[in-house]
Amino acid sequence: MAQRDAHQVADWKGQSGERWVAHQARLDARVAVFGQAAIEAAAPATGERVLDVGCGAGASSLALAARVGAGGHVLGVDISEPLIGRARALAPQDTPVQFRVADASSAELPGGAFDILFSRFGVMFFNDPTGAFAHMRRALKPGGRVAFVCWRGMAENDWVRLPMDVIKGIVPPTAPPDPEAPGPFSFGDPGRVDRILTAAGFTDIALAPFDASIPFGEGATRDAAIDDAVKMTFEVGPLSRALADHPDDIRARASAAVRAAFADLPGERSVMIDRATWIITARNPAS
Ligand SMILES: C[S@@+](CC[C@H](N)C(=O)[O-])C[C@H]1O[C@@H](n2cnc3c(N)ncnc32)[C@H](O)[C@@H]1O
């Protein structure tokens, strides 16, 4: 049986993208507060042009479009066809937004065209992050700004740390992950992010921690909320990948252990869980 590694790159063009589409409204709700913090850091002004990288189903692109208004423009780029399909379906008519299926690290982008390079959790998956950021920088105007949100390390993110810790004795051990391999936590090390952005030609690089406790599962009762949190954890994200190819008995034991861990978390008709991010800003040199 092919054993999966929890840190294996998400298959955005296939199953991961499809699962995100299936749970799009709930996933959007879970990350909205972090995206909003990144939008405030980007400070989009009326009439500006924004490139939203790894835009997924487009929630952040639509929020940015509302800020730049009819005189501005947002281009949302994502490698996943199903997610771009959902983004197009959700975009109201006459919104100044366009969605494109493309690999942001290599796709042809208009040169010097954008005021802002933005992303909500969409830039941690490049094989060559320095090359990707250098490529995307060329789409920015001189003096253009960067603002994106990404996860800090897994150790600080209970939504993954807790379930991954409790399944350790249940699933056979795998090799420790390479913290720099493409994946949700690959930008957790601030020194690494600084090195990548500096090598890609950006200046004025700043990282600010932004943490929030969010409802991870919800339901009519506390029990229903815990079940919901477990179900989502098994369907989307690192734990789902870690358990994907395991037999039902292992999955059932893992599910019971994750449920017990979530039951210790606060919440009434929810399971409140901490999430830790960086809000990262930078600038394209003026000339
Ligand atoms: C964690 S999801 C975030 C989606 C969306 N920004 C949101 O917050 O809902 C990461 C997104 O990055 C996209 N992605 C990954 N690698 C990419 C690449 N090389 N070019 C463009 N998009 C990419 C994925 O398809 C996925 O939609």
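This is a predicted model: local features need pLDDT of at least 70, side-chain atom pairs count only at pLDDT 80 or more; totals for chains, interfaces and linings use all residues.
**View 1**

Zoom in on D78, and you'll find a polar atom of its side chain 2.6 Å from a ligand oxygen. D103 also uses its side chain: an N or O atom there sits 2.8 Å from a nitrogen atom of the ligand. With A104 it's the backbone that takes part, as one of its polar atoms lies 2.9 Å from a ligand nitrogen. As for overall cover, the ligand on its own has 600 Å² of accessible area, and the protein covers 95% of that.

**View 1. Strand β4 and its partners.**
Is strand β4 buried or exposed? Seven of the seven residues in this strand, which spans residues 114-120, are buried, so β4 is largely enclosed by the rest of the structure. Strand β1 (residues 49-53) pairs with β4 through three bridges, and the two run parallel. Look for L51, whose bridge partner in β4 is L117. Strand β5, covering residues 140-151, is also parallel to β4, and six bridges join the two. Here the pair to pick out is I116 with R145 of β5 opposite.

**View 2. Two cysteines, no bond.**
A quick reminder before the close-up: a disulfide covalently links the sulfur atoms of two cysteines. How many disulfides does this model have? The count is zero. Take C55: its closest cysteine sulfur belongs to C150 and is 17 Å away, which is too far for a bond. For comparison, the cut-off for a disulfide is a sulfur pair within 2.5 Å. Seen from the other end, C150 is in no disulfide either, with the sulfur of C55 as its nearest cysteine sulfur at 17 Å.

The cut-off behind both calls is a relative accessible area under 20%.

Notes
Residues are numbered from 1 along each chain as its sequence is written. Side-chain values use heavy atoms; hydrogens and water are left out. A polar contact is a pair of N or O atoms within 3.5 Å; within protein, one must be able to donate a hydrogen and the other to accept it, and residues adjacent in sequence count only if both atoms are side-chain atoms. Accessible areas come from the Shrake-Rupley method with a 1.4 Å probe; for residues, only the protein chains shown count as cover. Buried means under 20% relative accessible area, exposed over 50%, partly exposed in between (1.4 Å probe, protein chains only). Helices (H or I, at least four residues) and strands (E, at least two) are DSSP runs, numbered from the N terminus. Two strands pair if DSSP finds at least two bridges between them.
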